[in-house]
Amino acid sequence: YGERLVECIEEPAACDFSIVIPVRNSADTLRHTLETCLALEEAGSFEIVVSDNSDAGNDAVKTLCEELAAPQIRYIRTPFVLELSKSFEYAILHARGEFIIPLGADDGIYPWALCYLKKALEEYPGTECIVWNRDFYTWPGFFEEGRQDLAIHLYDKEQPLYEKWPLCRNLPFWMEHMGTVLYNLPLLYINSGFRRSYMIWLLEKTGRLWDGPSQDMYMAAVQLFLREDILHIRRSLTMAGMSGHSTGAGKQNMQNKLTVYARENLAQRVPLSCQMGEYVRAAGECMIPYIIRADFLAFYMSIRRLSDRGIADEKAQPFLEMGWLLPRFLERIASFDMSFEREWGYALFAAHLAGEDCLREVRAAYKASCARFVTPAGGTGLEHDAKLGFDAQNMALNMDAAALGCDTVAAAVRFGSGLLHL
């Protein structure tokens with residue numbers, strides 16, 4: 001970026017909190033994200049860093065920030081179009097807060113978020129990272145059948161507000177249950193944040209900052225394999241939004257029933273190539289079967305990336321063996337998927353790299369799959385087909401956002417605020 005990295009991360013904080021929002025061609029949803037940010041209850045000084053990564057000539061984000069003219073908003077623009085991980089990295093490097101909270105341009109934040117974070121930072125002054133509950137909302141038009149999901153986590157008043165989650169100390173548990181706990185890991189995006197000092201630790205441990213095929217999955221792998229534990233706040237502080245601008249949807253676009261609106265928006269933001277800082281798979285990462293429907297794909301690729309660089313080698317090795325990977329990835333290939341042959345091709349290539357015995361095993365699985373209609377196990381992370389009502393296992397209320405009149409993430413946050421009353 002033409003700037004000195006260490007100077008950026010060692011610069012003293014100028015305020016208590018930075019809410020960091022990288023944006024790409026999505027002023028329409030950003031307006032409502034900013035609405036939730038500007039409704040925050042005061043708990044010290046804070047800024048909202050809007051980092052505009054839009055295409056050249058698209059000034060809608062800048063125009064919106066000028067229209068709102070809020071003193072908390074600080075608008076910056078990337079020097080050139082960046083891929084997602086580097087867009088987050090650039091935005092975070094320009095944050096001036098002591099504690100940094102990354103959000104997406106279609107997400108929301110609850111009014112009480114800074115109050116809870118301030119209290120936690122005061123009671124645990126030595127903690128660098130904090131993870132919390134995050135709720136979930138799909139924007140209108142995202143799903144073809146017209147439904148909108150709204151999931152709000154409830155809480156038990158009898159339980160302590162805080163708990164320490166063991167991370168690498170409890171690695172087998174996390175890895176065994178990755179299909180259900182992936183989005184509970186500290187992603188350092190939407191469900192977690194960090195002090196400025198964390199970036200110094202990250203640079204010393206890994207030799208870089210944000211990396212990998214997906215910034216949130218890479219950070220989840222870093223936290224899980226390199227940190228002993230993390231402080232968890234048993235309250236919802238943010239709401240993850242899923243819209244046509246969402247990159248997670250973009251990577252699984254053809255695997256889901258998205259509306260024409262969502263597909264058009266995704267088509268505008270996905271084609272990024274030949275740009276500086278673009279993620280490229282290393283040779284070792286090709287041994288991870290490239291099955292898009294497996295929502296933990298980027299997570300395992302990130303583990304491999306860390307392992308190949310000698311950062312998490314011994315801890316990671318058991319979870320990179322083909323005997324561990326193949327059952328988890330192959331069950332996500334579906335006969336009805338238009339990418340069926342391509343994904344089996346990726347699986348066969350990964351098996352080829354692992355050796356003749358592995359290749360023979362995957363060939364047999366491919367032939368068997370061709371002979372029958374296969375419905376994939378698990379979900380993609382986007383399908384979110386939870387039944388309406390109370391989900392006791394996850395302590396969450398699953399609702400129809402459209403029936404509740406929640407046509408934006410700001411409206412969903414207002415509804416959640418009234419329900420939780422924190």
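Author: A residue counts as buried at under 20% relative accessible area, as exposed at over 50%, and as partly exposed in between, with a 1.4 Å probe and protein chains only. By that rule phenylalanine 194 is buried, its relative accessible area being 0%. Tyrosine 198 is likewise buried, at 0% relative accessibility.

The model is a predicted one, in which local features need pLDDT of at least 70, side-chain atom pairs count only at pLDDT 80 or more, and totals for chains, interfaces and linings use all residues. Residues are numbered from 1 along each chain as its sequence is written, and side-chain values use heavy atoms, with hydrogens and water left out.

Rings of Phe, Tyr and Trp (its six-membered ring) form a pair if their centres lie within 6.5 Å; planes under 30 degrees apart are stacked, over 60 edge-to-face, and the rest tilted. The count by this rule is 18 aromatic pairs. In one of them, the ring centres of phenylalanine 194 and tyrosine 198 are 5.4 Å apart and the planes meet at 50°, so this pair is tilted. For phenylalanine 296 and tyrosine 300, the centres are 5.7 Å apart and the planes stand at 75°, so that pair is edge-to-face. Both phenylalanine 296 and tyrosine 300 are buried.

Phe194 and Tyr198 also belong to one aromatic cluster with Trp201 and Trp210. A charge sits over a ring if NZ of Lys or CZ of Arg is within 6 Å of the ring centre and within 35 degrees of the ring normal. The charged end of arginine 227 is placed in this way over the ring of tryptophan 201, 4.5 Å from its centre. Arginine 328 lies over the face of tryptophan 324, and here the distance to the ring centre is 3.5 Å.

As for the whole chain, 57% of its 422 residues count as buried. Contact means heavy atoms within 4.5 Å. Of the contacts between residues at least 6 apart in sequence, 78% join residues at least 24 apart.

Confidence is given by pLDDT, the predictor's score for each residue from 0 to 100. The chain averages 89, and 89% of the residues score at least 70. Over residues 252-258 pLDDT stays under 50, and the model has 26 contacts beyond four places in sequence for them. Residues 270-274 also stay under 50, with eight such contacts.
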